[in-house]
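Colleague: Show me the model. Then take me through the terms behind its contacts.

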Amino acid sequence: MKKYKLLIIFVCLLLLTGCTSNKNKQVVNVLNWSSYIPDEVIKDFEKETGIKVNYGTYSSNEELLAKLSSSKDGTYDVVFPSDYMVELMINKNMLQKLDISRLSTYKNIDKVFLKQSYDKTNSYSLPFLLATSVIAYNRENVNDIYDYKDLVREDYKNDIVLLDDERITIGAFLQALGYDINDYNDEHLEEAYEFYSSLKDNIKAFDSDSPKSFLMTNETNIGVLWNAEAILAKDHNPNIVIVYPRSGYALSMDNYVITKGSTNVDNAYKFIDYLLRDEVCQKIIDDYPYISTNKNTSNYSDEELKEILNNGSYIKNVGENIKRFDRLWAKMK
Amino acid sequence: MNKKSSLEKYLFTIPVIVYSLLLILLPILYVLLISFFKSDSYGGMIYTFTLSNYAEIFNITYIKIFLKSIGIALITTTICLFIAYPFAISLMSKKETTRNLLIKLVMVPFLTNSLIRTYGWIVLLRKNGIINSGLLGLGLIHDPLSLMYNNLGIIIGMVYTLLPFMILPVYSAVSKVDRNLIEASYDLGASKIKTFTKVYLPLTISGAFNGSLMVFIPAIGYFFITDILGGGKIMIIGNLIKNQFLTARNWPFGAAISIFLIIMTLLLVRVYKGLGGKMDDLGGGM
C-alpha cells in the first residue's frame with residue numbers, strides 16, 4: 001500500500017505545480033492563424049517586454065469559434081477573427097470593447113481600413129491584415145486572363161487550382177455570373193453550379209493549404225488563390241501574373257480583438273501595440289505578403305487600396321443558408 | 001491469496017474500463033445525443049429533439065457521396081486483398097529470419113505519420129514528379145501521366161496507407177495453415193490456383209475478412225487522402241463529416257452522419273459474424 005500512497009502524493013504534487021507555476025509570470029494567450037506571424041516577432045516581443053506569449057494556432061474561423069466557445073473564459077486573450085467572424089463574435093457577446101487610447105501605435109493604421117461593414121465603429125476590432133482572392137497565371141503558357149469567365153476554355157484542361165473553400169469558390173462562380181458573393185438564392189446557386197460544370201474539366205484540384213505550390217511546380221498554369229500565396233509564387237517565377245478579377249473577388253480582413261473574459265488585458269494591449277509597429281508589420285508582410293493595414297509599410301497607394309476594397313466583397317455570415325452552399329459544394333464533388 | 005489476486009485483477013482492469021468509458025463510450029454517446037439536436041446559425045446547437053438530421057442523410061446528393069465512398073473503399077479493399085495474399089503465401093516459403101524481417105518492413109511505415117507519408121507521394125506522383133520525369137527521361141512516355149489529383153491518386157494513396165492492415169491479418173491466418181495440407185494438395189495434382197481456392201482461401205477466410213474490415217472502414221473516412229492526392233475534387237463520407245463540423249457549422253448533421261457510419265460498421269461486423277467469423281479474430285495482430 002505504501003507504494004500507492006507515494007504514487008498518489010506524487011500525482012497530487014504534479015497537479016499542484018501545474019496550477020501554480022504561472023501565477024507570478026506575465027503572460028498573454030494568443031490564438032492566431034497558422035503561418036501568419038513569423039516566430040521571430042513573437043520571440044522579440046517576449047525579449048523586449050518579458051511577457052510570455054502562449055501561442056496557439058487555428059486554420060479556420062470556425063475552428064477559432066469552436067476553440068473559444070469550448071474553453072473556459074480567459075483561456076485566450078488576443079485572437080484574430082476575420083470580418084464575418086468579428087460580427088458573429090460581437091453578436092455572441094464574446095469580445096470586449098477596445099480602448100484605443102491604450103494603443104500608442106494606433107495612428108499607424110491606414111484610415112482606409114477602418115469602419116468596415118462588420119464593425120462600423122471599430123469598437124471591438126482593429127484591422128490587422130487584408131487577404132484578397134486573386135487569379136494568378138503563368139503568362140508563358142496561357143493567354144491573358146482578366147476574369148473568371150476567361151478560365152472556361154477547352155485548352156485549359158486540368159490546368160486550374162481553386163481554393164478548397166465552399167464560400168470563396170462558389171462565391172467566385174456567383175460573381176462571374178454578376179451576382180453577389182453572398183447570394184444564396186437557389187436559382188442563382190443553380191446557375192453557379194452550371195458555371196462550375198462548364199469549368200469542371202479545367203479544374204485540377206481544390207487546395208487551400210498551399211495552392212501556390214501548384215503554380216511553382218508547373219502542376220497548373222492558373223490558380224485562384226489568396227494574394228499572399230500568389231505573391232510568393234510570383235517571387236519564385238516572375239512569369240506569373242496576378243490579377244484582381246473584374247467581376248469581383250473575396251476580401252478577408254483579419255482583426256485584432258480582445259476576448260470578453262480576458263484575464264491579461266494589459267498584456268493583450270501591449271501585444272497588439274507591438275504588432276502595430278512599423279518595423280514589426282514589415283517583418284510580418286516580408287514573410288506573409290498579405291496587404292498590411294499599416295500605412296507606413298504598405299506597398300499600395302491609398303487610391304489602389306480604395307479600389308481593392310471597393311471592387312472586392314467580404315464573405316458574410318449567411319446563417320442557416322450556409323447549408324445551401326454546403327449542399328451545393330457536396331453536389332459539386 | 002485468492003482475494004489478493006482478484007484485487008489485482010480488478011486494479012489492472014480499471015485503467016482499461018476507465019479508458020473505454022471515458023475515451024470511447026462517452027464521446028460516442030455525446031455524438032449520438034447531439035445528432036438529435038438542431039443547429040443554429042452560429043454553429044451552436046438548439047436543444048430540441050429532431051430527426052431531421054437523419055432524414056437529411058437520404059438527400060440524393062449525400063447518397064451519391066455514400067455510394068462513391070463505398071466504391072472507393074471496395075476497390076481499395078480488393079486491391080489490398082490481391083496484394084496481401086500472394087505476399088503472405090510467398091513469405092511462407094522463406095526462411096524464418098527473412099520472413100520476420102519482411103513483416104517488420106511492412107510495419108516500418110507506421111513509424112511516420114500517415115499525413116506526412118501522403119505528402120511524400122506528391123513528390124513522386126505530380127506532373128513534374130520523380131515517376132513522370134523518370135519515364136519521360138527514359139523516353140517511355142511523351143506526355144506526363146496523370147497519376148494524382150484524380151481517382152487513381154486516391155486509390156494509390158488508400159492502398160498504400162491501408163495495405164499493412166490487410167497484410168498482417170492475412171499473413172497471420174496464412175501462417176497457421178498446416179503445410180502438410182498444401183503439400184497434399186500439390187501431391188494430388190492440384191494447380192497453384194486450385195490449391196489457393198480450395199485450401200488456402202477457406203482456411204484463411206476469417207483473416208481475409210478481418211483485414212477487409214480494417215481496410216474498408218478507414219477507407220470510407222480517410223479524408224486527407226482524397227484532399228491531398230485526389231485534389232479535393234472528390235468528397236467521401238470523411239470529408240462530408242469534417243465539413244459539417246468546420247465550414248458548414250452544422251454539428252448535429254455531422255454527428256448524424258457519424259452515427260450512420262457507426263451503424264454501417266456494426267452491420268459489417270454482423271455480416272462477418274454471420275459468416276462464422278469469431279469476434280476474437282477481429283482483435284487482429286499476430
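Modeller: A crossing is left-handed if the near helix is turned anticlockwise from the far one by less than a right angle, and right-handed if clockwise. H7(B) and H9(B) cross in the right-handed sense. This is a predicted model: local features need pLDDT of at least 70, side-chain atom pairs pLDDT 80 or more, while totals for chains, interfaces and linings use all residues. Residues are numbered from 1 along each chain as written, with chains lettered from A and ligands numbered from 1 in written order.

Colleague: Which residues make the contact?

Modeller: Among them are B:Phe165 and B:Met166 of H7(B), and B:Gly207 and B:Met214 of H9(B). Contact means C-beta atoms, placed from the backbone, within 7 Å. By class there are 14 nonpolar, six polar and no charged residues. Asp, Glu, Lys and Arg count as charged; Ala, Val, Leu, Ile, Met, Phe, Trp, Tyr, Cys and Pro as nonpolar; the others, Gly among them, as polar.

Colleague: How many residues join chain A to chain B?

Modeller: On chain A, 25 residues are in contact with 22 of chain B. H12(A) gives the most to chain A's side, with six residues. That side has seven nonpolar, four polar and 14 charged residues.

Technical notes. Contact = placed C-beta atoms within 7 Å. Helix = DSSP H or I, 4+ residues; strand = E, 2+ residues; numbered from the N terminus.
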